[in-house]
Amino acid sequence: MVLFDSSISPLTHSAKLSSPLLLSSLSHRPLRYAVLGAGFAGLSVAWHLLKESPKDLNLHIDLYDEMGIGGGASGVSGGLLHPYSPKVKLLWRGAECWKECMKLLSIAEQAVSSEEDLVSLSGEFGQDFGGILDRRRGIIRPATNMKTLNVLNDNAKNCLANCKIEIIDKNAAEKLVPHIHMPFNLAFYMPEAINVNSKYYLNALFLACQNIVKELSASGFGKKNLCLQKKSVYELRELEGEYDAVIICLGAKADLLPELAGKLPLRTCRGVILHLQLPDNIGEDYPDHGPSILSDAWLAIKGNRRLDLGSTWEWKSRNSSSNVSTDEASDALQELLPKASAIYPGITSWSFAGARAGLRAMPPLTPHGSLPLLGCVNNILGNDLICKYWLLGGLGSRGLLYHGWLGKLTAEAVLSCNEQIFPSELTSWKNKDSRP
(Lines give C-alpha, C1' and ligand atoms only; values in the text may rest on other atoms or scores of the structure.)
Protein backbone atom coordinates (compact mmCIF):
# COMPACT_ATOMS: atom_id res chain seq x y z
CA MET A 1 0.00 0.00 0.00
CA VAL A 2 1.33 3.48 -0.88
CA LEU A 3 1.02 6.03 1.91
CA PHE A 4 0.97 9.81 1.44
CA ASP A 5 1.31 9.72 -2.35
CA SER A 6 0.03 13.13 -3.44
CA SER A 7 -1.35 11.61 -6.62
CA ILE A 8 -3.87 9.56 -4.67
CA SER A 9 -4.33 11.48 -1.43
CA PRO A 10 -5.94 14.90 -0.97
CA LEU A 11 -4.11 15.46 2.34
CA THR A 12 -2.32 18.78 2.69
CA HIS A 13 1.43 18.91 3.31
CA SER A 14 0.92 19.92 6.95
CA ALA A 15 -1.62 17.16 7.48
CA LYS A 16 0.86 14.63 6.14
CA LEU A 17 3.58 15.84 8.48
CA SER A 18 1.25 15.55 11.48
CA SER A 19 0.16 12.02 10.64
CA PRO A 20 0.54 9.66 13.62
CA LEU A 21 2.06 7.09 11.25
CA LEU A 22 4.81 9.49 10.17
CA LEU A 23 5.42 10.84 13.68
CA SER A 24 5.65 7.30 15.02
CA SER A 25 8.16 6.43 12.31
CA LEU A 26 10.29 9.47 13.14
CA SER A 27 10.21 8.95 16.91
CA HIS A 28 10.33 5.12 16.86
CA ARG A 29 7.59 5.04 19.47
CA PRO A 30 4.86 2.42 19.04
CA LEU A 31 1.77 3.57 17.20
CA ARG A 32 -1.16 2.78 19.49
CA TYR A 33 -4.63 1.89 18.24
CA ALA A 34 -7.75 0.84 20.14
CA VAL A 35 -10.34 -1.28 18.33
CA LEU A 36 -13.67 -1.38 20.18
CA GLY A 37 -15.56 -4.61 19.52
CA ALA A 38 -14.31 -8.12 18.76
CA GLY A 39 -16.95 -9.14 16.24
CA PHE A 40 -16.78 -9.29 12.45
CA ALA A 41 -15.90 -5.61 12.01
CA GLY A 42 -13.40 -5.30 14.86
CA LEU A 43 -11.43 -8.42 14.00
CA SER A 44 -11.28 -7.52 10.32
CA VAL A 45 -9.94 -4.06 11.21
CA ALA A 46 -7.37 -5.55 13.58
CA TRP A 47 -6.19 -8.06 10.96
CA HIS A 48 -5.87 -5.45 8.24
CA LEU A 49 -4.09 -2.94 10.50
CA LEU A 50 -1.48 -5.60 11.17
CA LYS A 51 -1.32 -6.73 7.55
CA GLU A 52 -1.36 -3.32 5.84
CA SER A 53 0.98 -1.43 8.18
CA PRO A 54 4.65 -1.08 7.16
CA LYS A 55 6.74 -3.99 8.41
CA ASP A 56 9.20 -1.70 10.20
CA LEU A 57 6.43 0.12 12.11
CA ASN A 58 6.17 -0.44 15.86
CA LEU A 59 2.45 -1.04 16.38
CA HIS A 60 0.35 -1.82 19.46
CA ILE A 61 -3.36 -2.68 19.13
CA ASP A 62 -5.75 -3.11 22.06
CA LEU A 63 -8.93 -4.99 21.12
CA TYR A 64 -11.69 -4.17 23.62
CA ASP A 65 -14.69 -6.43 24.18
CA GLU A 66 -16.06 -7.35 27.60
CA MET A 67 -17.66 -10.47 26.09
CA GLY A 68 -14.49 -11.68 24.42
CA ILE A 69 -14.13 -12.83 20.80
CA GLY A 70 -17.50 -13.07 19.05
CA GLY A 71 -19.41 -12.49 22.26
CA GLY A 72 -21.97 -10.15 20.66
CA ALA A 73 -24.28 -10.31 17.66
CA SER A 74 -21.52 -11.49 15.29
CA GLY A 75 -20.99 -14.65 17.29
CA VAL A 76 -24.64 -15.65 17.07
CA SER A 77 -24.96 -14.91 13.34
CA GLY A 78 -26.65 -17.58 11.25
CA GLY A 79 -23.57 -17.58 9.01
CA LEU A 80 -25.27 -17.77 5.60
CA LEU A 81 -22.81 -16.11 3.23
CA HIS A 82 -23.62 -14.87 -0.28
CA PRO A 83 -23.57 -11.44 -2.01
CA TYR A 84 -27.25 -11.18 -2.99
CA SER A 85 -30.41 -9.47 -1.78
CA PRO A 86 -33.61 -11.43 -0.98
CA LYS A 87 -34.52 -10.87 -4.63
CA VAL A 88 -31.16 -12.41 -5.64
CA LYS A 89 -29.89 -9.05 -6.88
CA LEU A 90 -26.16 -8.48 -6.53
CA LEU A 91 -25.67 -6.11 -3.61
CA TRP A 92 -23.88 -2.76 -3.94
CA ARG A 93 -20.14 -3.53 -4.18
CA GLY A 94 -21.05 -7.18 -3.74
CA ALA A 95 -18.07 -8.36 -5.80
CA GLU A 96 -15.54 -6.59 -3.57
CA CYS A 97 -17.30 -7.79 -0.42
CA TRP A 98 -17.38 -11.40 -1.63
CA LYS A 99 -13.72 -11.34 -2.70
CA GLU A 100 -12.39 -9.92 0.58
CA CYS A 101 -14.59 -12.17 2.69
CA MET A 102 -13.29 -15.23 0.85
CA LYS A 103 -9.75 -14.05 1.60
CA LEU A 104 -10.43 -13.77 5.32
CA LEU A 105 -12.14 -17.16 5.42
CA SER A 106 -9.06 -18.67 3.81
CA ILE A 107 -6.78 -16.89 6.28
CA ALA A 108 -8.84 -18.18 9.22
CA GLU A 109 -8.79 -21.72 7.84
CA GLN A 110 -5.02 -21.58 7.43
CA ALA A 111 -4.66 -20.38 11.02
CA VAL A 112 -6.31 -23.54 12.35
CA SER A 113 -4.58 -25.86 9.92
CA SER A 114 -2.18 -27.11 12.58
CA GLU A 115 -3.50 -30.12 14.43
CA GLU A 116 -3.10 -28.50 17.86
CA ASP A 117 -5.02 -25.34 16.96
CA LEU A 118 -7.67 -27.30 15.08
CA VAL A 119 -8.37 -29.58 18.03
CA SER A 120 -8.46 -26.68 20.47
CA LEU A 121 -10.82 -24.43 18.51
CA SER A 122 -13.03 -27.10 16.97
CA GLY A 123 -13.51 -28.71 20.36
CA GLU A 124 -14.80 -25.44 21.80
CA PHE A 125 -16.69 -23.91 18.88
CA GLY A 126 -16.96 -26.46 16.08
CA GLN A 127 -19.29 -29.10 17.48
CA ASP A 128 -22.28 -27.92 15.42
CA PHE A 129 -20.34 -28.30 12.17
CA GLY A 130 -18.64 -31.56 12.96
CA GLY A 131 -15.43 -29.73 13.85
CA ILE A 132 -15.17 -27.62 10.66
CA LEU A 133 -15.16 -23.85 10.17
CA ASP A 134 -17.70 -23.74 7.35
CA ARG A 135 -20.09 -25.95 5.40
CA ARG A 136 -19.83 -25.55 1.63
CA ARG A 137 -23.04 -27.03 0.24
CA GLY A 138 -24.56 -23.91 -1.28
CA ILE A 139 -27.87 -22.19 -0.61
CA ILE A 140 -31.22 -22.64 -2.36
CA ARG A 141 -34.01 -20.08 -2.57
CA PRO A 142 -37.37 -21.37 -3.89
CA ALA A 143 -39.56 -18.84 -5.69
CA THR A 144 -42.55 -18.15 -3.45
CA ASN A 145 -44.23 -15.13 -5.03
CA MET A 146 -45.51 -14.90 -8.61
CA LYS A 147 -45.31 -11.09 -8.51
CA THR A 148 -41.52 -11.13 -8.04
CA LEU A 149 -40.75 -14.14 -10.22
CA ASN A 150 -39.72 -12.11 -13.28
CA VAL A 151 -37.59 -9.80 -11.13
CA LEU A 152 -35.78 -12.74 -9.57
CA ASN A 153 -35.19 -14.27 -12.99
CA ASP A 154 -33.70 -11.05 -14.34
CA ASN A 155 -31.53 -10.47 -11.25
CA ALA A 156 -30.17 -14.01 -11.33
CA LYS A 157 -28.77 -13.43 -14.82
CA ASN A 158 -26.41 -10.76 -13.43
CA CYS A 159 -24.71 -12.96 -10.86
CA LEU A 160 -21.00 -13.15 -10.06
CA ALA A 161 -18.92 -15.69 -11.96
CA ASN A 162 -17.43 -16.94 -8.66
CA CYS A 163 -20.79 -17.14 -6.90
CA LYS A 164 -23.17 -18.33 -9.59
CA ILE A 165 -26.95 -18.48 -9.42
CA GLU A 166 -28.47 -21.47 -11.17
CA ILE A 167 -32.17 -21.45 -11.99
CA ILE A 168 -33.43 -24.99 -11.36
CA ASP A 169 -36.77 -26.79 -11.51
CA LYS A 170 -38.56 -28.96 -8.97
CA ASN A 171 -36.83 -32.19 -9.99
CA ALA A 172 -33.35 -30.69 -9.63
CA ALA A 173 -34.28 -29.07 -6.31
CA GLU A 174 -35.61 -32.33 -4.89
CA LYS A 175 -32.33 -34.05 -5.71
CA LEU A 176 -30.67 -31.51 -3.42
CA VAL A 177 -33.37 -31.42 -0.74
CA PRO A 178 -35.90 -34.28 -0.87
CA HIS A 179 -39.52 -33.19 -0.29
CA ILE A 180 -38.74 -29.48 -0.62
CA HIS A 181 -41.91 -27.56 -1.52
CA MET A 182 -41.74 -25.54 -4.74
CA PRO A 183 -44.86 -23.36 -5.15
CA PHE A 184 -43.87 -22.21 -8.65
CA ASN A 185 -41.64 -25.11 -9.75
CA LEU A 186 -38.61 -22.83 -9.72
CA ALA A 187 -35.69 -22.20 -7.38
CA PHE A 188 -32.48 -20.17 -7.38
CA TYR A 189 -29.48 -22.23 -6.35
CA MET A 190 -26.13 -20.71 -5.29
CA PRO A 191 -23.70 -23.64 -5.25
CA GLU A 192 -20.71 -21.54 -4.07
CA ALA A 193 -22.59 -19.92 -1.18
CA ILE A 194 -21.31 -20.91 2.26
CA ASN A 195 -22.63 -21.56 5.74
CA VAL A 196 -20.03 -20.27 8.22
CA ASN A 197 -19.68 -21.30 11.85
CA SER A 198 -19.48 -17.69 13.01
CA LYS A 199 -18.11 -18.20 16.52
CA TYR A 200 -15.48 -20.67 15.32
CA TYR A 201 -14.52 -18.41 12.42
CA LEU A 202 -14.08 -15.33 14.63
CA ASN A 203 -11.83 -17.20 17.03
CA ALA A 204 -9.84 -18.59 14.09
CA LEU A 205 -9.43 -15.06 12.69
CA PHE A 206 -8.21 -13.85 16.09
CA LEU A 207 -5.71 -16.72 16.06
CA ALA A 208 -4.59 -15.53 12.61
CA CYS A 209 -4.04 -12.04 14.06
CA GLN A 210 -1.93 -13.52 16.85
CA ASN A 211 0.06 -15.55 14.33
CA ILE A 212 0.86 -12.56 12.13
CA VAL A 213 2.01 -10.62 15.21
CA LYS A 214 4.49 -13.42 15.96
CA GLU A 215 5.64 -13.62 12.34
CA LEU A 216 6.17 -9.88 11.92
CA SER A 217 7.86 -9.45 15.30
CA ALA A 218 10.19 -12.37 14.57
CA SER A 219 11.20 -10.81 11.25
CA GLY A 220 13.49 -8.35 13.03
CA PHE A 221 11.67 -5.27 11.76
CA GLY A 222 9.07 -3.33 13.73
CA LYS A 223 7.54 -4.86 16.84
CA LYS A 224 3.80 -5.65 16.73
CA ASN A 225 1.51 -6.27 19.69
CA LEU A 226 -2.16 -7.28 19.89
CA CYS A 227 -3.88 -7.46 23.27
CA LEU A 228 -7.45 -8.54 23.97
CA GLN A 229 -8.89 -6.35 26.72
CA LYS A 230 -11.96 -8.11 28.12
CA LYS A 231 -13.56 -4.99 29.51
CA SER A 232 -16.02 -2.34 28.46
CA VAL A 233 -15.29 1.17 27.31
CA TYR A 234 -18.09 3.30 28.72
CA GLU A 235 -16.92 6.66 27.39
CA LEU A 236 -14.59 7.55 24.56
CA ARG A 237 -12.98 10.19 26.75
CA GLU A 238 -11.44 7.33 28.76
CA LEU A 239 -9.18 6.68 25.78
CA GLU A 240 -8.25 10.25 24.89
CA GLY A 241 -4.49 10.71 25.01
CA GLU A 242 -3.83 6.98 25.28
CA TYR A 243 -4.12 6.14 21.58
CA ASP A 244 -3.33 7.62 18.20
CA ALA A 245 -6.62 6.31 16.85
CA VAL A 246 -9.75 4.60 18.16
CA ILE A 247 -11.86 2.51 15.79
CA ILE A 248 -15.44 2.00 16.97
CA CYS A 249 -16.82 -1.37 15.84
CA LEU A 250 -19.46 -1.87 18.52
CA GLY A 251 -22.51 -2.55 16.39
CA ALA A 252 -25.71 -1.61 18.20
CA LYS A 253 -23.72 -0.70 21.33
CA ALA A 254 -22.06 2.26 19.60
CA ASP A 255 -25.14 4.30 20.47
CA LEU A 256 -24.53 3.56 24.17
CA LEU A 257 -21.39 5.68 24.15
CA PRO A 258 -22.51 9.06 25.54
CA GLU A 259 -20.50 10.95 22.94
CA LEU A 260 -22.41 9.22 20.11
CA ALA A 261 -25.81 8.67 21.74
CA GLY A 262 -28.59 9.87 19.42
CA LYS A 263 -26.10 11.02 16.79
CA LEU A 264 -25.98 7.93 14.58
CA PRO A 265 -28.73 7.07 12.07
CA LEU A 266 -29.02 3.51 13.34
CA ARG A 267 -32.06 1.46 14.33
CA THR A 268 -31.78 -1.52 16.61
CA CYS A 269 -33.40 -4.87 15.92
CA ARG A 270 -33.18 -8.00 18.04
CA GLY A 271 -33.14 -11.33 16.24
CA VAL A 272 -33.71 -14.78 17.73
CA ILE A 273 -32.21 -17.89 16.12
CA LEU A 274 -33.52 -21.34 17.04
CA HIS A 275 -31.42 -24.50 17.23
CA LEU A 276 -33.25 -27.61 16.02
CA GLN A 277 -32.21 -31.25 15.91
CA LEU A 278 -33.64 -34.50 14.61
CA PRO A 279 -34.81 -36.84 17.38
CA ASP A 280 -33.09 -40.22 17.58
CA ASN A 281 -36.26 -42.02 16.48
CA ILE A 282 -36.36 -40.17 13.13
CA GLY A 283 -34.38 -42.16 10.59
CA GLU A 284 -34.22 -39.83 7.58
CA ASP A 285 -31.24 -37.46 7.91
CA TYR A 286 -30.85 -34.20 6.05
CA PRO A 287 -28.72 -35.16 3.02
CA ASP A 288 -24.94 -34.68 3.19
CA HIS A 289 -24.98 -32.65 -0.01
CA GLY A 290 -28.08 -30.68 0.96
CA PRO A 291 -27.84 -26.86 0.81
CA SER A 292 -29.13 -24.38 3.35
CA ILE A 293 -32.47 -22.78 2.49
CA LEU A 294 -33.58 -19.15 2.13
CA SER A 295 -37.22 -18.16 2.28
CA ASP A 296 -39.42 -16.07 4.58
CA ALA A 297 -37.43 -17.90 7.24
CA TRP A 298 -33.97 -19.36 6.64
CA LEU A 299 -32.53 -22.75 7.51
CA ALA A 300 -28.77 -22.87 8.11
CA ILE A 301 -27.83 -26.53 7.93
CA LYS A 302 -25.18 -27.54 10.48
CA GLY A 303 -25.09 -31.25 9.73
CA ASN A 304 -27.31 -34.22 8.97
CA ARG A 305 -29.30 -33.81 12.16
CA ARG A 306 -28.71 -30.20 13.26
CA LEU A 307 -29.85 -26.87 11.84
CA ASP A 308 -30.47 -23.26 12.82
CA LEU A 309 -33.77 -21.56 12.03
CA GLY A 310 -34.01 -17.79 11.82
CA SER A 311 -34.70 -15.11 12.33
CA THR A 312 -37.13 -12.88 14.17
CA TRP A 313 -37.06 -9.08 13.83
CA GLU A 314 -37.91 -7.17 17.01
CA TRP A 315 -37.46 -3.53 16.06
CA LYS A 316 -36.43 -0.90 18.62
CA SER A 317 -35.32 -3.55 21.10
CA ARG A 318 -32.38 -2.58 23.30
CA ASN A 319 -31.84 -6.10 24.61
CA SER A 320 -28.36 -7.18 23.53
CA SER A 321 -28.22 -10.34 25.62
CA SER A 322 -27.59 -13.55 23.71
CA ASN A 323 -29.73 -15.39 26.25
CA VAL A 324 -33.29 -16.22 25.20
CA SER A 325 -36.08 -16.75 27.72
CA THR A 326 -38.51 -19.65 27.46
CA ASP A 327 -41.31 -17.30 26.42
CA GLU A 328 -39.17 -15.53 23.81
CA ALA A 329 -38.08 -18.87 22.35
CA SER A 330 -41.67 -20.12 22.27
CA ASP A 331 -42.82 -16.98 20.47
CA ALA A 332 -39.99 -17.32 17.95
CA LEU A 333 -40.87 -20.96 17.31
CA GLN A 334 -44.53 -20.07 16.68
CA GLU A 335 -43.46 -17.34 14.25
CA LEU A 336 -40.72 -19.14 12.33
CA LEU A 337 -41.85 -22.75 12.13
CA PRO A 338 -44.86 -22.12 9.85
CA LYS A 339 -42.68 -20.07 7.49
CA ALA A 340 -40.04 -22.78 7.33
CA SER A 341 -42.48 -25.68 6.97
CA ALA A 342 -44.13 -23.95 3.98
CA ILE A 343 -40.91 -24.69 2.05
CA TYR A 344 -39.42 -27.60 3.99
CA PRO A 345 -42.33 -29.59 5.48
CA GLY A 346 -39.96 -32.09 7.06
CA ILE A 347 -38.93 -29.52 9.65
CA THR A 348 -42.02 -30.36 11.68
CA SER A 349 -40.24 -33.59 12.70
CA TRP A 350 -37.31 -31.66 14.18
CA SER A 351 -37.24 -30.78 17.89
CA PHE A 352 -36.23 -27.61 19.71
CA ALA A 353 -32.68 -27.74 21.11
CA GLY A 354 -32.05 -24.17 22.25
CA ALA A 355 -31.96 -20.56 21.09
CA ARG A 356 -29.71 -17.53 21.00
CA ALA A 357 -30.17 -13.90 20.03
CA GLY A 358 -28.28 -10.81 18.91
CA LEU A 359 -28.98 -7.10 18.58
CA ARG A 360 -28.44 -5.78 15.06
CA ALA A 361 -27.50 -2.20 14.22
CA MET A 362 -29.54 -1.45 11.10
CA PRO A 363 -28.45 1.46 8.86
CA PRO A 364 -30.77 3.79 6.94
CA LEU A 365 -32.02 2.97 3.46
CA THR A 366 -30.20 4.70 0.59
CA PRO A 367 -30.63 4.56 -3.20
CA HIS A 368 -28.04 1.76 -3.13
CA GLY A 369 -29.74 -0.21 -0.36
CA SER A 370 -29.03 -0.24 3.36
CA LEU A 371 -25.34 0.66 3.55
CA PRO A 372 -23.01 0.62 6.57
CA LEU A 373 -21.68 3.81 8.17
CA LEU A 374 -17.98 4.62 7.87
CA GLY A 375 -15.88 7.66 8.58
CA CYS A 376 -13.89 9.78 10.97
CA VAL A 377 -16.24 11.08 13.68
CA ASN A 378 -14.09 13.76 15.32
CA ASN A 379 -16.40 16.42 13.89
CA ILE A 380 -19.31 14.76 15.73
CA LEU A 381 -17.42 14.36 19.00
CA GLY A 382 -16.16 17.91 19.31
CA ASN A 383 -13.03 20.03 19.03
CA ASP A 384 -9.61 19.82 20.68
CA LEU A 385 -9.29 16.05 20.37
CA ILE A 386 -5.78 14.64 20.21
CA CYS A 387 -6.91 11.20 19.07
CA LYS A 388 -8.55 10.29 15.76
CA TYR A 389 -11.87 8.49 16.17
CA TRP A 390 -13.25 6.29 13.39
CA LEU A 391 -16.57 4.49 13.01
CA LEU A 392 -17.30 1.22 11.25
CA GLY A 393 -20.93 0.47 12.06
CA GLY A 394 -24.40 -0.30 10.82
CA LEU A 395 -23.51 -3.61 9.18
CA GLY A 396 -27.00 -4.84 10.00
CA SER A 397 -27.62 -8.47 9.11
CA ARG A 398 -24.79 -8.51 6.54
CA GLY A 399 -21.81 -8.19 8.84
CA LEU A 400 -20.24 -11.41 7.62
CA LEU A 401 -20.39 -10.33 3.97
CA TYR A 402 -19.28 -6.72 4.57
CA HIS A 403 -16.57 -7.16 7.18
CA GLY A 404 -13.64 -8.14 4.98
CA TRP A 405 -13.82 -5.27 2.51
CA LEU A 406 -14.91 -2.61 5.00
CA GLY A 407 -12.31 -3.68 7.56
CA LYS A 408 -9.63 -3.34 4.89
CA LEU A 409 -10.86 0.11 3.84
CA THR A 410 -11.01 1.26 7.46
CA ALA A 411 -7.48 0.07 8.21
CA GLU A 412 -6.14 1.87 5.15
CA ALA A 413 -7.97 5.06 6.12
CA VAL A 414 -6.70 4.92 9.70
CA LEU A 415 -3.09 4.25 8.69
CA SER A 416 -3.08 7.08 6.15
CA CYS A 417 -5.35 9.46 8.10
CA ASN A 418 -7.30 9.78 4.88
CA GLU A 419 -11.10 9.55 4.98
CA GLN A 420 -11.23 10.01 1.21
CA ILE A 421 -10.35 6.32 0.85
CA PHE A 422 -13.98 5.50 1.69
CA PRO A 423 -16.57 5.52 -1.10
CA SER A 424 -18.74 8.60 -0.66
CA GLU A 425 -21.83 6.38 -0.35
CA LEU A 426 -20.51 5.12 3.00
CA THR A 427 -19.76 8.56 4.48
CA SER A 428 -22.75 10.55 3.14
CA TRP A 429 -24.62 9.89 6.40
CA LYS A 430 -22.43 12.53 8.06
CA ASN A 431 -23.87 15.21 5.78
CA LYS A 432 -27.43 14.53 6.88
CA ASP A 433 -29.50 14.70 10.03
CA SER A 434 -28.04 11.71 11.90
CA ARG A 435 -30.90 11.17 14.28
CA PRO A 436 -32.49 7.71 13.94
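Analyst: Happy to go through this predicted model with you. Let's start with a term: two residues are in contact when heavy atoms of theirs lie within 4.5 Å.

User: Thanks! Which residues does Leu 49 touch, leaving aside those up to four places away in sequence?

Analyst: Leu 49 touches Tyr 33, Val 35, Leu 59, Ile 61, Ile 247, Ala 411, Val 414 and Leu 415, once residues up to four places away in sequence are set aside. Leu 49 is also one of the residues that touch the most other members of the largest nonpolar core, along with Tyr 33, Leu 81, Tyr 201 and Ile 247. That core has 84 residues, and helix α8 (residues 198–218) gives the most to it, with 12. Apart from it lies another core of 28 residues, including Val 272 and Ala 340.

User: What makes Tyr 64 and Tyr 243 an edge-to-face pair?

Analyst: Two numbers settle it. Rings pair when their centres lie within 6.5 Å, and planes over 60 degrees apart count as edge-to-face. Here the centres are 6.4 Å apart and the planes stand at 85°, so Tyr 64 and Tyr 243 qualify. Tyr 64 lies in strand β2 and Tyr 243 in the loop between β9 and β10, so the pair ties together parts 179 residues apart in sequence. Both tyrosines, Tyr 64 and Tyr 243, are buried.

User: And why do Tyr 286 and Tyr 344 get the edge-to-face label?

Analyst: Their ring centres are 5.6 Å apart and their planes are at 75°, so Tyr 286 and Tyr 344 are edge-to-face too. The pair links distant parts of the chain, 58 residues apart: Tyr 286 is in the loop between β11 and β12, and Tyr 344 in the loop between α9 and β16.

User: How do you know whether Tyr 344 is buried or exposed?

Analyst: The cut-off for buried is under 20% relative accessible area. Tyr 344 has 9% relative accessibility, so it counts as buried. Tyr 286 is buried as well, because its relative accessible area is 1%.

User: Why is β3 called an edge strand?

Analyst: β3 (80–81) pairs on one side only, as does the other edge strand, β4 (134–135). The open sheet runs in the order β3-β8-β4 with antiparallel pairing. Pairing takes at least two bridges, and β3 and β8 have two. In that pairing, Leu 81 stands opposite Ile 194 in β8.

User: What makes the charged end of Arg 360 sit over the ring of Trp 313?

Analyst: One part of the rule is that CZ of Arg is within 6 Å of the ring centre. The charged end of Arg 360 is 3.8 Å from the centre of the Trp 313 ring and is placed over it.

How values were computed: Residues are numbered from 1 along each chain as its sequence is written. This is a predicted model: local features need pLDDT of at least 70, side-chain atom pairs count only at pLDDT 80 or more; totals for chains, interfaces and linings use all residues. Side-chain values use heavy atoms; hydrogens and water are left out. A nonpolar core is a set of buried Ala, Val, Leu, Ile, Met, Phe, Trp, Tyr and Cys residues joined through side-chain atoms within 4.5 Å. Buried means under 20% relative accessible area, exposed over 50%, partly exposed in between (1.4 Å probe, protein chains only). Helices (H or I, at least four residues) and strands (E, at least two) are DSSP runs, numbered from the N terminus. Rings of Phe, Tyr and Trp (its six-membered ring) pair if their centres lie within 6.5 Å; planes under 30 degrees apart count as stacked, over 60 as edge-to-face and the rest as tilted. A charge sits over a ring if NZ of Lys or CZ of Arg is within 6 Å of the ring centre and within 35 degrees of the ring normal.
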